[in-house]
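Dear colleague,

Please find below the sequence and structure that I am handing over to you. My findings follow directly after it.

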Amino acid sequence: MSRARPKTRRSLKTGLPPGTPVFVGEKKTEKVHIHYFDYNENQYVEKDAETVEECFPYRDKPSVTWINIDGLDNLEILQKIGDHFGVHPLVREDIVNTEQRPKLEDFGDYLLIVLKMLTLPNEAREIDVEQVSLLVGKNFVISFQERDDGDVFSVIRDRIRKNQGVIRKMGPDFLAYALIDAIVDHYFIILEISGEQLEGMEDTLIQDPSPEILQKLYALKRRLLFLRKSVWPLREVLGNLSREDAQMVKKHSRVYFKDINDHTVQILDNVETLRDMTAGLIDIYLSSISAKLNEVMKVLTIISTIFIPLSFIAGIYGMNFHFMPELNWHYGYAIVWVLMILVVMAMLFFFRKKKWI
Amino acid sequence: MSRARPKTRRSLKTGLPPGTPVFVGEKKTEKVHIHYFDYNENQYVEKDAETVEECFPYRDKPSVTWINIDGLDNLEILQKIGDHFGVHPLVREDIVNTEQRPKLEDFGDYLLIVLKMLTLPNEAREIDVEQVSLLVGKNFVISFQERDDGDVFSVIRDRIRKNQGVIRKMGPDFLAYALIDAIVDHYFIILEISGEQLEGMEDTLIQDPSPEILQKLYALKRRLLFLRKSVWPLREVLGNLSREDAQMVKKHSRVYFKDINDHTVQILDNVETLRDMTAGLIDIYLSSISAKLNEVMKVLTIISTIFIPLSFIAGIYGMNFHFMPELNWHYGYAIVWVLMILVVMAMLFFFRKKKWI
Amino acid sequence: MSRARPKTRRSLKTGLPPGTPVFVGEKKTEKVHIHYFDYNENQYVEKDAETVEECFPYRDKPSVTWINIDGLDNLEILQKIGDHFGVHPLVREDIVNTEQRPKLEDFGDYLLIVLKMLTLPNEAREIDVEQVSLLVGKNFVISFQERDDGDVFSVIRDRIRKNQGVIRKMGPDFLAYALIDAIVDHYFIILEISGEQLEGMEDTLIQDPSPEILQKLYALKRRLLFLRKSVWPLREVLGNLSREDAQMVKKHSRVYFKDINDHTVQILDNVETLRDMTAGLIDIYLSSISAKLNEVMKVLTIISTIFIPLSFIAGIYGMNFHFMPELNWHYGYAIVWVLMILVVMAMLFFFRKKKWI
Amino acid sequence: MSRARPKTRRSLKTGLPPGTPVFVGEKKTEKVHIHYFDYNENQYVEKDAETVEECFPYRDKPSVTWINIDGLDNLEILQKIGDHFGVHPLVREDIVNTEQRPKLEDFGDYLLIVLKMLTLPNEAREIDVEQVSLLVGKNFVISFQERDDGDVFSVIRDRIRKNQGVIRKMGPDFLAYALIDAIVDHYFIILEISGEQLEGMEDTLIQDPSPEILQKLYALKRRLLFLRKSVWPLREVLGNLSREDAQMVKKHSRVYFKDINDHTVQILDNVETLRDMTAGLIDIYLSSISAKLNEVMKVLTIISTIFIPLSFIAGIYGMNFHFMPELNWHYGYAIVWVLMILVVMAMLFFFRKKKWI
Amino acid sequence: MSRARPKTRRSLKTGLPPGTPVFVGEKKTEKVHIHYFDYNENQYVEKDAETVEECFPYRDKPSVTWINIDGLDNLEILQKIGDHFGVHPLVREDIVNTEQRPKLEDFGDYLLIVLKMLTLPNEAREIDVEQVSLLVGKNFVISFQERDDGDVFSVIRDRIRKNQGVIRKMGPDFLAYALIDAIVDHYFIILEISGEQLEGMEDTLIQDPSPEILQKLYALKRRLLFLRKSVWPLREVLGNLSREDAQMVKKHSRVYFKDINDHTVQILDNVETLRDMTAGLIDIYLSSISAKLNEVMKVLTIISTIFIPLSFIAGIYGMNFHFMPELNWHYGYAIVWVLMILVVMAMLFFFRKKKWI
């Protein structure tokens, strides 16, 4: 499980010949898990494959084959797939290099689409990132994930099994669309959670501005930044898929890609709004800190300013001079009290005028 | 009534097949209300329809038909309209997904225009948003609104009834223009209200900078941000309508769309100005907080600096040493007073030199 | 006289049919004043017209006619001119809607140029804005101003009367150039005044940073913002006029428009410089406020830190315990003084080391 | 000597006919100084001309003529040159209007290049600006400078005299290149000086942050801003000269202009870096001011917090109640001392825990 | 070893004829070190050359020749290479001018690629920069480095020696790719180190915000800025190499350059993220300073506000008036204590209500 910050282990790759696949992510799975579908409008096959070779015969069938591979540690499997489906060595390297930006590469025979699958575990501050690579060919889709502990594709599997919607009637381009759509839909969930957290923070911020809330706000800001970084290049990817560039995408599928493209623009818009709101809350926090300081200082000033002159007066008549006429007056003590009360009243009047109390 | 922040319920849609219309807004209306006009230069028909099928015969008449639908809950009605007027499933989904950005989609036979109708209820801080979708065809306009509690289109209805201006002489593109213009005109009203509120805040800010005013300023900033977000994509929509791209828009109508386009640019300009002014007021607020702190500290410092030395002098002669010659001097007490007055005068001179008093 | 902030009265227009001219500015003139020139290289006619119809015969003469109209209240006059010179209804609306951005519209037969005439009255903080619209036709220029109380065109009138420069030899495009140039030249004056005010503020800022100066700086910033807003779209207008787009502009006049275009770029540059300087002064102001606070606090700290321990010592020997050996020492009092002086010296040494004194 | 701020005297020009040259700079030279070279690969002539007519015969010779004119006051000379070399009136105006932005104008027969020659006199804060205009024709270069007190071209003169490099073998385009290169090289010197000053300030900033250093930093920032403003439009000028646009620039000279273009990009890069560093130092200054305030407050708080309770204890036993049992205890005084020491130790422990001491 | 700031010695070059190579870097190496490879798929030659002429015969062989030159002081060697390989004089100047921006120049016969080799020595704050220039010809690559103390190319040498990967099968364009890739890979290492340092700082920042950490953060920010400055123009270089522009780059090599191009985009992305995180930490630092001040002030205020009134009460009964009835009361002293305890409790209650304790 990688974290939403640039913690690359790219240094492992320094100096290796290009095209050498090196898995730079953290070790994520014990065993590579291969699972595949083969379907057309009328029927479907679903199976967990023991070896990758099991899936190979489907390449030449006209039906749509979806091979999903969880875990990138076993470079041998990647090698075999690469050889069988005719994949360029640099593509293999891209698949295991989990520090990629989202991107689209069109190799004529097949497309490589690299995406980030984001999930926000409960109560977590940082987004959990998994890189998903899709190879979209004439009649197959091969998806690579980093881990085997659940993904956002189960809804797609159900739709294939139950023949919901049009998915079984369409080709691999539509399947790719459905997979990307499932990933993009999860971005909305992260946005929703972030929006709710922000509203919660807004309320506590006004009541009790603590330094912890500032750190939470910065964590949220960072998360939004990360989300933006993941979605921004996706826009270009989807833009290209919805135009006439990619041969693999049939004309009637383009409108679907255009639709997710609209979603990404909407996500970026909302990210911007949330970022602006976060920045605004940070400013409010900082100014409320200043306001608190002002209040503290006012209390100190009021107390000091009232009592310091009074103490001085008391100090005067605490002096031990032999000749101090006031000390012998009968009403001296009472007069001092009156004087003190006058001082206090003058001070209070002054503070009232300054609107401090 | 949705609020001006990303409070999506998009999560409801996660995993559904594309083209499944799901109303993600808050429940807004009890019953869907269908109302239609059919007019040409010479006559008009206006009616509340019980069922949506009532309106269908007008599709094939050469006169202009405007069907207005308030409420998006009843997906069945949408379904029927979609089938009758030949609308793409993704368009149906767009209409009910009220979290759309303003956009224009040209499907050849008809245009989909999505807009935000903004109103600012009295004394409210946040803008009330309603999504309006227009389907503009060869001889019809279908408008979809989220709610049934009044809209900004009543003036258009009056113009049709009274045959004011050129509206009855023109086609559905002009009707679409008039509807969009009515929506855009309301943005100006929001700007005017915001400008007035800002001026009001400017005055109270200088007299009495309270934390509440800061929150109001941030609320205003957020509102302007939201307004900007709603208008920005509209510029592109209107730009496209005023160019030769859209087949549905007749040549002599383009100048009208160009005119609203100028208005949106003007709105964006004014939004920027107001945002800059808001930012300026926030800065003035923050610096006036600092200035207040300075003033408080000055008072404390002046009082302390004057009385602490005096109290020290009094403290000296409050000591009980047996041998303190000054205590026995006849004028000792008077000399101490003179000394104290000199200290005060020196301090006052110092403060005057520092320009603190 | 409108002010440099978005104080629109656009709400008056809400819901009116497009092309309905409504004067949204403040009422500015009692009577519409019509004045015209008709000139060629050899002779000129100048007259105040009683009715607008007086000017109409000049339309068909080959000489250049310049009709200047002060005051936009009388919509009837506008109507007549519009009909006689064949002006599109939306143009009429643009002319009276004084909240326009500067713009250029090419209608083939004539050009509409909308500009802002800015003047900065003596001692005023805010710029005085007047919208000027120019209709440039084959052999006429019609200029519309909001008010009748003086404009920046008197120099042009003199040049026509005295046949200075090439103006009488050239066509209406050159006249339009001369009018725009006169307006743009006044922007430089505003820049000069602003620059001088800024320098004045810089000097007082360092000597005596008062909150008033901050407000002045923000007012200046706003003025520059406004100037920028007025000039920015002008660049595009002039850029179009200096290229081959506009049919109305003859080839040898383009170089003149290019020249004013250079001026607007220079104005924008200077505005940016002044804005940066203003921002810099605001920062200096804020940091000088902090520096002042520091100074105040240092004085308080020095005085308190010296006298509080001394008062404590005096307090000790002001106690009334029966058994306090020091009180009976013959040199007790002297020793206390020595002790106090040592404390003061230690403190001063400490402050010196901290570089506070 | 004009200063690096927009101190225009453009107001002198308001209302004058276009093409009227008015010298808007400050009076800079007593007498206009005309100096010329005429050279080819084999020989050269160098002379100070008494009258401008002296140079005119060289126009028709195939050798390269470089006329350098120091001082722009004498408009008559400009007039004569303009007439003899066929220069457009607006160009003449551009040459004397020393508030121009750097620009290139191609008139077919000749090029006008306007540049800023910047020098930074010793110990000066502000850059000294002089506008240099170059007219580059088929076999001549005419350079105009504002003043006669030394320029950056002496190295070029030496290279012509000594026939160093290829200058004598090349045409006027190469001479123009050499002149521009000499000017651009001086920008590097200003950058170097600024960089050194910045490093110097960085050191003193950390040791002793005084308000003066803040003003110096802002002055530096302004200087960099000004440098950027002078170089930015130059990039476009040189970009155009290095492309195929300008007929006057021979193909093999383009690579030289491309080279200076690279230099300007490098200058802009360095300006950005220095600006970022300046901004960083300003931030460090501001935060060190806050840190100082914190330190001052800590000292005050520590002293106050220790002695105020002690003084209170002493005050208690300074009361004159008849019945105060402690006063009669034999060890009363000693016990009070013990109590006070305990208070001090508790306070010190508290401060230590808070990491204030 | 040059430092990551603009410390040019360009002034050395002022006024020299163009094409004069002047080494502006700091003296970096004692002796120029020439080392070369000549290889094809089957064999390779590797040698340290005594004189540069040794390498010249390889120019005409079909095998790939890689000449690496460490040290730019000896301009004679550069001269000889330039003459033998037909290099333009301005290129020679570019190679020794180590203040170049990364750039690509295509001279038809050969390419000039200028890059920055960045290394971050242990515990160092500033990046160590070395300029690397590559001349890529039909069958040779000549690389120039500033120093002889180790570079990032040793891995490439090993791959040539051991015939790893495809390097020996490919041409000079692939070798150039491998060299650039090695340099770019080191940028990742700097990013990793910076990311780790940032995380370390984040932890100490929260525990103990000291001014030193602020300086470290600004140093890091500067480093990232510098990294960005080095990588940004590289993007354009690699973009050009991966498109069809450069004749020297064979079609099947373009995909490799596209791959490094992706890496640079990724680096820029990460730089942005790290910069944002740094800015966030700086903000947290500043606000924690404010929070500390608040805490200090609270302690001062609490102590003062409690004890100042108590001292005043004690002061009252320390007065020496002859007639003070309370002094004679038997329980006077006890009552005063009770009064004081009540005052303390009231204060504590007040502070509790204000949430200060």
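**Helix H8 of chain D**

Helices (H or I, at least four residues) and strands (E, at least two) are DSSP runs, numbered from the N terminus.

Please note that this is a predicted model, in which local features need pLDDT of at least 70 and side-chain atom pairs count only at pLDDT 80 or more, while totals for chains, interfaces and linings use all residues. Residues are numbered from 1 along each chain as its sequence is written, and chains are lettered from A and ligands numbered from 1 in the order in which they are written.

Gly332(D), Tyr333(D) and Val336(D) are the buried residues of H8(D). They cover an arc of only 100° around the axis, which places them on the same side of H8(D); the arc is that of the directions from the helix axis to the C-beta atoms. A residue is called buried if 20 or more other C-beta atoms lie within 10 Å of its own, exposed if 12 or fewer, and partly exposed in between, with C-beta atoms placed from the backbone. The buried residues of H8(D) pack against helix H6 (251–316) and helix H7 (325–328) of chain D. The face turned away from the buried side carries exposed residues, among them Val338(D), Ile341(D), Leu342(D), Met345(D) and Phe349(D). Just after H8(D), Lys355(D) takes a positive phi of about 65°.

**The sheet of chain D**

Chain D has an open sheet of 7 strands with mixed pairing, in the order E2-E1-E3-E7-E6-E5-E4. Strands E2 (44–49) and E4 (103–106) stand at its edges with a single partner strand each, so one side of each is left without a neighbour in the sheet. Two strands pair if DSSP finds at least two bridges between them.

E1(D) and E2(D) pair in the antiparallel sense over 6 bridges, and a hairpin joins them through 4 residues. Within this pair, Ile34(D) stands opposite Ala49(D). Of the 6 residues of E2(D), the number buried is 0, so this strand lies largely in the open. Strand E1 (residues 33–39) also runs antiparallel to strand E3 (residues 64–70) of chain D, joined by 7 bridges; there, Tyr39(D) has Val64(D) as its bridge partner.

**Helix H2 of chain B**

Helix H2 (residues 89–96) of chain B is mostly covered, with 6 of its 8 residues buried. What covers these buried residues includes helix H6 (251–316) of chain A, together with helix H1 (75–85) of chain B.

Yours sincerely

Note on methods:
Contact = placed C-beta atoms within 7 Å.
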